[in-house]
Amino acid sequence: MANKNRKKRRHHSRKPKISFWNEYRFEIIVFSLLAMGIFLLVEKMEIKMTVYRWVKTFIIITTRLISDASQTTFQLIQEVETSDIIGLILILTALFMIYLRIRKRTIYRFATLYECPNCGGELRRIHRKISHRILGLLLWTDIKYFSCNKCDFHGIRMSERQ
Ligand SMILES: [Zn+2]
């Protein structure tokens with residue numbers, strides 16, 4: 001008789017001690033990269049002028065890339081100031097880091113759909129929407145779309161691309 005399972009309520013709110021640096025490392029690095037990149041780019045002139053020049057350079061590079069051989073593009077890149085290039089690289093690195101983090105978090109968040117979160121029912125795979133395909137491309141992830149067999153729940157599951 002005494003074999004009734006006792007459900008123990010385990011409340012492990014064990015939070016490991018995290019230092020300020022460990023917790024905000026990502027934010028600090030990204031912010032520093034952005035700040036340094038922007039500083040290098042606008043060091044000498046107004047932000048507006050820099051943005052204007054960027055847009056102009058971008059358009060010129062794009063048109064030359066399309067119309068011309070890569071040689072002229074290379075010459076054009078050589079004309080751009082070194083600090084501009086470094087600034088751009090820093091900013092792009094920061095943006096890429098942000099992208100990677102958002103991607104990882106999103107995949108992690110949507111990785112665990114194995115039963116219906118509303119009723120616990122079984123899921124069956126259904127056709128994805130176009131928005132799922134676009135999202136899958138943007139985040140470079142596999143997206144599967146499911147609907148519940150019992151209720152009207154629909155949801156997606158994400159996983160790393162094979
Ligand atoms: Zn359900």
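Reader: How many residues does helix 1 have, and how far does it reach from its first C-alpha to its last?

Author: In this predicted model, helix 1 covers residues 20-42, which gives 23 residues. The helix reaches 30 Å from its first C-alpha to its last, close to the 33 Å expected at 1.5 Å a residue.

Reader: Where does helix 1 bend, and by about how many degrees?

Author: The bend is at Phe26 and comes to about 45 degrees.

Reader: Which residues of helix 1 are buried?

Author: Leu33, Gly37, Leu40 and Leu41 are buried in helix 1.

Reader: At what angle do the axes of helix 1 and helix 4 cross, and within what distance do they come?

Author: The axes of helix 1 and helix 4 (residues 82-109) cross at roughly 155 degrees and come within 7 Å. Because angles over 145 degrees count as roughly antiparallel, helix 1 and helix 4 are roughly antiparallel to each other. Their crossing is left-handed.

Reader: Which residues make that contact?

Author: On the side of helix 1, the residues include Phe26, Val30, Leu33, Leu34 and Gly37. On the side of helix 4, they include Gly87, Leu90, Ile91, Ala94 and Met97.

Reader: Turning to helix 4 itself, what is the span between its end C-alpha atoms?

Author: The end C-alpha atoms of helix 4 are 40 Å apart, which agrees with the 40 Å that its 28 residues should span at 1.5 Å a residue.

Reader: Which residues of helix 4 are buried, and what covers them?

Author: Gly87, Leu90 and Ala94 are buried in helix 4. What covers the buried residues of this helix includes helix 1.

Reader: Why does Ala94 count as buried?

Author: Ala94 counts as buried because 20 other C-beta atoms lie within 10 Å, and 20 or more is the cut-off for a buried residue.

Reader: With which residues is Ala94 in contact, leaving aside its neighbours within four places in sequence?

Author: With those neighbours left aside, Ala94 is in contact with Val30, Leu33, Leu34 and Gly37. The C-alpha atoms of Ala94 and Phe26 are separated by 9.7 Å, although these residues are 68 apart along the chain.

Reader: A change of topic: how many residues of helix 5 are buried?

Author: The number buried is zero of the nine residues of helix 5, so this helix lies largely in the open.

Reader: Finally, in what order do the elements of the chain run?

Author: From the N terminus on, the order is α-α-α-α-β-α-β-β, and the secondary structure comes to five helices and three strands.

Reader: What share of the chain is buried?

Author: Of the 162 residues of the chain, 7% count as buried. Among contacts between residues at least 6 apart in sequence, 55% join residues at least 24 apart.

Key
Residues are numbered from 1 along each chain as its sequence is written. This is a predicted model: local features need pLDDT of at least 70, side-chain atom pairs count only at pLDDT 80 or more; totals for chains, interfaces and linings use all residues. Helices (H or I, at least four residues) and strands (E, at least two) are DSSP runs, numbered from the N terminus. The expected span of a helix is 1.5 Å times one less than its number of residues. The bend at a residue is the angle between axes fitted to the seven residues ending there and the seven starting there. A residue is buried if 20 or more other C-beta atoms lie within 10 Å of its own, exposed if 12 or fewer, and partly exposed in between; C-beta atoms are placed from the backbone. Two residues are in contact if their C-beta atoms, placed from the backbone, lie within 7 Å. Axes are lines fitted to C-alpha atoms, for helices over the stretch in contact, and angles run from 0 to 180 degrees between N-to-C directions. Angles under 35 degrees count as roughly parallel, over 145 as roughly antiparallel, 65 to 115 as roughly perpendicular and the rest as oblique. A crossing is left-handed if the near helix is turned anticlockwise from the far one by less than a right angle, and right-handed if clockwise.
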